[in-house]
There are 2 protein chains.
Amino acid sequence: MNSLKNSLVRIALDAMGGDFAPRNEVQGAVMALKEFPGKLHVILVGDKNKISGELKNVGYNGSDIEIKHASEVVTMHDSPSKAIKEKKDSSLVVAANLVKNGEADSLVSAGNTGAVGVASIFIIGRIKGVSRPTIAAPIPNEKSGFTYISDAGAFVDSKPQHLVEFATLTSTYLKEVYGVENPSVGLLNVGEEESKGLKFTKETTELIKKTDLNFYGNIEGRDIFKGTVDVALCDGFVGNLLLKQAESMLPFLKTKFKQFAETSLWAKIQIGLAKSAVKKALYDADVDNIGGTPLLGINGITIIGHGSSPAKGIKNMILQAAKAYNADLVNKLKEAIEHEHERTQSS
Amino acid sequence: MNSLKNSLVRIALDAMGGDFAPRNEVQGAVMALKEFPGKLHVILVGDKNKISGELKNVGYNGSDIEIKHASEVVTMHDSPSKAIKEKKDSSLVVAANLVKNGEADSLVSAGNTGAVGVASIFIIGRIKGVSRPTIAAPIPNEKSGFTYISDAGAFVDSKPQHLVEFATLTSTYLKEVYGVENPSVGLLNVGEEESKGLKFTKETTELIKKTDLNFYGNIEGRDIFKGTVDVALCDGFVGNLLLKQAESMLPFLKTKFKQFAETSLWAKIQIGLAKSAVKKALYDADVDNIGGTPLLGINGITIIGHGSSPAKGIKNMILQAAKAYNADLVNKLKEAIEHEHERTQSS
């Protein structure tokens, strides 16, 4: 993420979504604008007074930030579809409508993941030919890159045809936005052999072989951190569990270090010395350095982040959205889905 | 694992199973005997010449080790059921028969996991009332204990009734062998709310509520490392993926450290200092310090280990088996399954 093209990208930021909203949202937006001056326009959607207050706190008075008032907030405990239906003046719904109406190019939210998904699907809409959008979540791997779990939980109980769509969308995303050449796709399974697994995995394998995706075959749980493939394909039930387990690795390490540091003074000194090395070595394993995860298959760009995202996380989400827009992602996805449907239906 | 009762435990050790067999198996057996002299009798099953050679190498000449010759070996690439049917004189099949015939109390193998499962189920047999045995795999957690993923891959595509059996078997194992009082059971799902997930998870929840298991409700992927519950319940397809991902955390860290150490001399020094602290802090996250995983529901004690197990890992597998035998595990499991069936059928 070290360059952005010259075109201005308009970001509709759900400023009330995260756990520390609107503070982190405002600070993140200002950080993004400082990093790429003149290339971003951020519309902060939410409580006008609170947002203005935060903007004053950080001393921002430029013209690249605009406030769009919204009186309601979708909380983490709201039922997604109910919230979208009933809270018409929520920051999330208003932000999604900005994208729908062409007033913004991208929706960025650290709010209720399910609600961001529902808002994206039902307000912004799906790309023609996509029956189920997918969350493509980057997990750091040993090859100093990322393995994308797709679907990381947009839907559960998907069918083989959906997984082929997930693979097409995610491969195209990696190719167009991150320049990954011919991204490889592995199917998460309990063994490498094709005979292993479920009826579901066998059917998916058969179907995916008809596409011209770069299909590697089965991969196992260890291949995510190992980086065997670019895309680790699975149903959202499985993907969500794996994503959350992978994300809990750093908190687990921190707790273990803390516990060990408490055992003796020497242990405390050792852990003190170790900490900064570990932090640097695991820099890209920190989700906040990545930002969020795209919801692919939407007729617009949606980036979903953790509720707990710090300002840096929000900044990176905005930059992710901008990069996707600069790559003309939505049109590339449309072409890829059309092409895949032609392939699988003609063969 | 710091005490063993006085009764002698007879271990049938598949001495040809692991990747470094029979060397690590022989060394592991000798280590276990040294730790608990007079309490263990290990039958090393496999190639007599090779095993004798290794015994000579370590200078063991006591009477607590016996060699039982077997001329064949089940390899990691063998199809499990085919191997058990055709390789009648393999170390695994011969070892399983020792348990079946009452000449040994426990089967320990670091060989082909699938084949150890098939040998256990079809040679030693299942406990009456158990339709599917389960692999209960310990994952270290923040509470300085372990979260047991059950089923970690004995079967795929299990039904809700099977999961209730897995929960019963694993809870009983933790209570009887490790003294965990009233073990808590969580159902792995994509959210905490009961409405979340699959038809399968909803049906499992309904069924498990009829038992008197200590059911916590839904847990998420992050709860495994967090240690929210003692037993993380799931189908073996999901459990196998989560187990292998959890196990790949340490190799991932090692690679990341190595990569960072190569960036500068100062980084190298930092990582050097950090390494021993990390190793100590993560001592119990090392699978070899645990040993293996029990296959529960078998009419005997089966401990399955990693092919790559070092001698220490083999030693810990033997001690796990002995501890389970000392706790009269099989009879306790029989009682628990009977009790659970009465509960779920009468209500």
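## Strand S4 of chain B

Strand S4 of chain B (residues 106-109) is covered on both faces, with B:Ser106 and B:Val108 on one side and B:Leu107 and B:Ser109 on the other all buried, where a residue is buried if 20 or more other C-beta atoms lie within 10 Å of its own, exposed if 12 or fewer, and partly exposed in between, the C-beta atoms being placed from the backbone. Strands (E, at least two residues) and helices (H or I, at least four) are DSSP runs numbered from the N terminus. In a regular strand the side chains alternate between the two faces of the sheet.

Strand S1 of chain B (residues 9-14) pairs with S4(B) in the parallel sense over 4 bridges, two strands being paired if DSSP finds at least two bridges between them. In this pairing B:Ile11 stands opposite B:Ser106. S4(B) also pairs in the parallel sense with strand S11 of chain B (residues 301-304), over 4 bridges, and there the bridge partner of B:Ser106 is B:Ile301.

## Basis of the model

This is a predicted model, in which local features need pLDDT of at least 70 and side-chain atom pairs count only at pLDDT 80 or more, while totals for chains, interfaces and linings use all residues. Residues are numbered from 1 along each chain as its sequence is written, and chains are lettered from A and ligands numbered from 1 in the order in which they are written.

## Overall form of chain A

Chain A contains 14 helices and 11 strands, and its C-alpha atoms fill a box of roughly 60 × 60 × 40 Å along the principal axes. A compact globule of 347 residues would have a radius of gyration near 20 Å, and the 21 Å of chain A agrees with that; the radius is taken over C-alpha atoms, and the globule rule is 2.2 Å times the number of residues to the power 0.38. Of the 347 residues of chain A, 56% count as buried. Among contacts between residues at least 6 apart in sequence, 73% join residues at least 24 apart, a contact being a pair of residues whose C-beta atoms, placed from the backbone, lie within 7 Å.

## Two domains in chain A

The domain assignment of chain A gives domain 1 (1-130 + 297-328) and domain 2 (131-289), with bounds that come from an automatic or database domain assignment. The C-alpha centres of these two domains of chain A lie 25 Å apart, and 16 residues of domain 1 are in contact with 13 residues of domain 2. On the domain 1 side, helix H5 (113-124) and helix H13 (311-326) of chain A each supply at least two residues, and H13(A) provides the largest share, 5 residues. The residues of this side divide into 7 nonpolar, 6 polar and 3 charged, where Ala, Val, Leu, Ile, Met, Phe, Trp, Tyr, Cys and Pro count as nonpolar, Asp, Glu, Lys and Arg as charged, and the others, Gly among them, as polar.

## Strand S6 of chain A

Strand S6 of chain A (residues 146-150) has 5 of its 5 residues buried, with A:Phe146, A:Tyr148 and A:Ser150 on one side and A:Thr147 and A:Ile149 on the other. Strand S5 of chain A (residues 134-140) runs antiparallel to S6(A) and is joined to it by 5 bridges, with A:Pro138 opposite A:Tyr148. The hairpin of S5(A) and S6(A) has 5 residues between the strands, and in it A:Ser144 takes a positive phi near 65°. S6(A) is also joined by 3 bridges to strand S9 of chain A (residues 231-233), which runs parallel to it, and A:Leu233 in S9(A) is the bridge partner of A:Ser150.

## Contact between the chains

In the interface, 43 residues of chain A are in contact with 43 residues of chain B. The elements giving two or more residues to the chain A side are helix H8 (223-226), helix H9 (236-247), helix H10 (249-261) and helix H11 (265-281) of chain A; H9(A) gives the most, with 10 residues. This side divides into 23 nonpolar, 11 polar and 9 charged residues.

Chain A can be laid on chain B with an RMSD of 0.0 Å by a turn of 180° and a shift of 0.0 Å along the axis, so the two copies are related as by a two-fold rotation axis; the superposition is by least squares on the C-alpha atoms of residues with pLDDT of at least 70 in both. The C-alpha nearest the axis in chain A is that of A:Ala274, 2.0 Å from it. Because 100% of the interface residues of chain A are also interface residues in chain B, the copies meet through the same surface.

Definitions and conventions: Two residues are in contact if their C-beta atoms, placed from the backbone, lie within 7 Å.
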